[in-house]
Amino acid sequence: MGAEYESAPTPHEAPLVVGLQPSALIDHVARVDWSLLDQIPGDRGGSIPVAFEELEHILKEVKTHILSSPNDPSPVRTIAGGSVANTIRGLSVGFGINCGIIGAHGDDEQGRLFVNNMSFNGINLSRLRMKKGPTGQCVCLVDAVGNRTMRPCLSSAVRIQPTELTREDFKGSKWLVLRYAIFNLEIIHNAIRIAKQEGVCVSLDLASFEMVRNFRLPLLELLNSGDIDLCFANEDEATELLRGQQNADPEAALDFLGNHCQWAVVTLGSNGCIAKHGKEVVRVAAVREAKATDATGAGDLFASGFLYGLVKGLSLEECCRVGSCSGGAVVRSLGGEVTPDNWKWMYKQMQYNKAASLCS
């Protein structure tokens with residue numbers, strides 16, 4: 001179950017996996033004490049949008065609430081971010097899969113940082129447009145036990161418009177990676193429509209429990225369309241999806257999602273994950289050695305590993321095991337980008353899991 005790298009893509013070769021992130025995003029990731037989390041609006045552990053003034057205020061407050069860590073010499077990491085970007089970067093760097101991104105970045109310092117990071121990590125940027133205006137930013141606040149609270153600022157950020165999508169953006173690709181967001185709903189629908197015309201499978205991440213809670217009806221309509229082939233939800237999102245029903249546990253949510261998608265996955269943090277494909281249901285434990293420093297990107301990198309498994313034709317259980325290894329790799333350090341040392345750790349875990357499965 002080791003990572004079998006794809007051969008280097010030719011300059012004009014279509015990405016095997018393409019991600020739609022309408023607005024490029026820069027993450028400011030910091031380990032902070034509890035008192036700062038008590039001061040900012042919204043629930044801990046979730047993700048709700050904030051205005052630029054609030055973003056600046058939080059970044060200013062971060063400086064007086066930093067938690068020092070011997071594993072992270074820099075108290076604040078500023079990196080290219082966004083759920084979709086995290087997933088396709090993980091697929092490219094960790095698994096050698098040819099990936100591209102559809103979206104827009106601003107003509108500012110943050111936009112250049114995003115482009116440089118994604119280009120350095122092998123992402124095809126031919127579908128990424130530059131526009132006049134600011135690039136999106138997000139503050140990712142990590143507490144003492146590794147839980148993350150996110151406050152994105154996208155209201156004034158440049159973004160790609162639904163009418164700008166073309167069939168050429170999707171032609172030749174096998175998978176489209178999406179993240180649910182009400183403010184991107186129109187472009188999500190348009191992307192799915194064009195992707196299906198091109199025979200591309202669609203993967204959807206449910207984003208956050210607040211997004212599911214506050215905009216559940218449009219999400220259900222999206223799932224009911226039958227156009228979502230693969231859906232990822234964490235435990236909180238799964239619970240929100242079935243809120244108000246007699247049985248709203250993760251298993252019930254998995255069954256619900258599995259009735260609408262070919263593949264459904266509910267991640268359970270330290271308890272691993274459950275997944276369904278047709279009538280097959282599997283439960284896979286988390287990687288025990290993955291001590292969480294920061295949960296930022298855990299679900300995104302789990303998706304990287306799971307998608308790699310699907311691309312390679314692995315079994316449902318093997319897809320989950322690879323996802324658990326890649327998700328476990330990113331939580332070992334600050335931010336949603338896996339470090340070189342943690343990729344090495346992941347490969348060792350994958351080899352261990354392969355050997356263990358052969359002996360069972």
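In helix H10 (residues 298–311), Ala298, Leu301, Phe302, Gly305, Phe306, Tyr308, Gly309 and Leu310 meet Leu316, Cys319, Cys320, Val322, Gly323, Ser324, Ser326, Gly327 and Val330 of helix H11 (residues 316–330), contact being defined as heavy atoms within 4.5 Å. This contact comprises 11 nonpolar, 6 polar and no charged residues; Ala, Val, Leu, Ile, Met, Phe, Trp, Tyr, Cys and Pro count as nonpolar, Asp, Glu, Lys and Arg as charged, and the others, Gly among them, as polar. The model is a predicted one, in which local features need pLDDT of at least 70 and side-chain atom pairs count only at pLDDT 80 or more, while totals for chains, interfaces and linings use all residues. Residues are numbered from 1 along each chain as its sequence is written, and side-chain values use heavy atoms, with hydrogens and water left out. Helices (H or I, at least four residues) and strands (E, at least two) are DSSP runs numbered from the N terminus.

The axes of H10 and H11 come within 7 Å and cross at roughly 145°, where axes are lines fitted to C-alpha atoms, for helices over the stretch in contact, and angles run from 0 to 180 degrees between N-to-C directions. The crossing of H10 and H11 is right-handed; a crossing is left-handed if the near helix is turned anticlockwise from the far one by less than a right angle, and right-handed if clockwise.

H10 also packs against helix H3 (residues 83–95), the two axes coming within 8 Å and crossing at roughly 50°. H3 and H10 are therefore oblique to each other, given that angles under 35 degrees count as roughly parallel, over 145 as roughly antiparallel, 65 to 115 as roughly perpendicular and the rest as oblique. The crossing of H3 with H10 is right-handed. On the H3 side the contact involves Ser83, Asn86, Thr87, Gly90, Leu91 and Phe95, and on the H10 side Asp300, Leu301, Ala303, Ser304, Gly305, Leu307 and Tyr308. These residues divide into 6 nonpolar, 6 polar and 1 charged.

A further partner of H3 is helix H4 (residues 109–120). The axes of H3 and H4 lie 10 Å apart at an angle of about 25°, and the two helices are therefore roughly parallel to each other. Ala85, Ile88 and Arg89 of H3 meet Phe114, Asn117 and Met118 of H4, a set of 4 nonpolar, 1 polar and 1 charged residues.

An open sheet of 9 strands has the order S5-S4-S1-S8-S9-S10-S11-S12-S13, with mixed pairing; two strands pair if DSSP finds at least two bridges between them. S5 and strand S13 (280–284) stand at the edges, each with a single partner strand, so one side of each lacks a neighbour in the sheet. On average, neighbouring strands of this sheet are turned by 15° against each other, direction ignored. H3 packs on this sheet and touches strand S1 (17–23), S4, strand S8 (175–179) and strand S9 (201–205), its direction making about 150° with that of S1. Strands S11 (residues 263–267) and S12 (residues 273–277) are antiparallel, pairing over 5 bridges, and Val265 has Ala275 in S12 as its bridge partner.

Strands S4 (residues 99–106) and S5 (residues 128–131) are joined in the parallel sense over 4 bridges, with Ala104 opposite Arg129 in S5. The chain passes from S4 through H4 to S5 in a right-handed β-α-β crossover, that is, with the strands pointing away from the viewer, the path from the first strand over the helix to the second runs clockwise.

A second open sheet, of 4 strands, is ordered S3-S2-S6-S7 and has mixed pairing. Its edges are strand S3 (76–81) and strand S7 (148–153), each with a single partner strand, so one side of each is left without a neighbour in the sheet. Neighbouring strands here are turned by 20° against each other on average, direction ignored. Strands S2 (residues 25–31) and S6 (residues 136–142) pair in the parallel sense over 7 bridges, and Arg31 stands opposite Val142 in S6. H4 lies across S2, S3 and S6, running at about 75° to S3.
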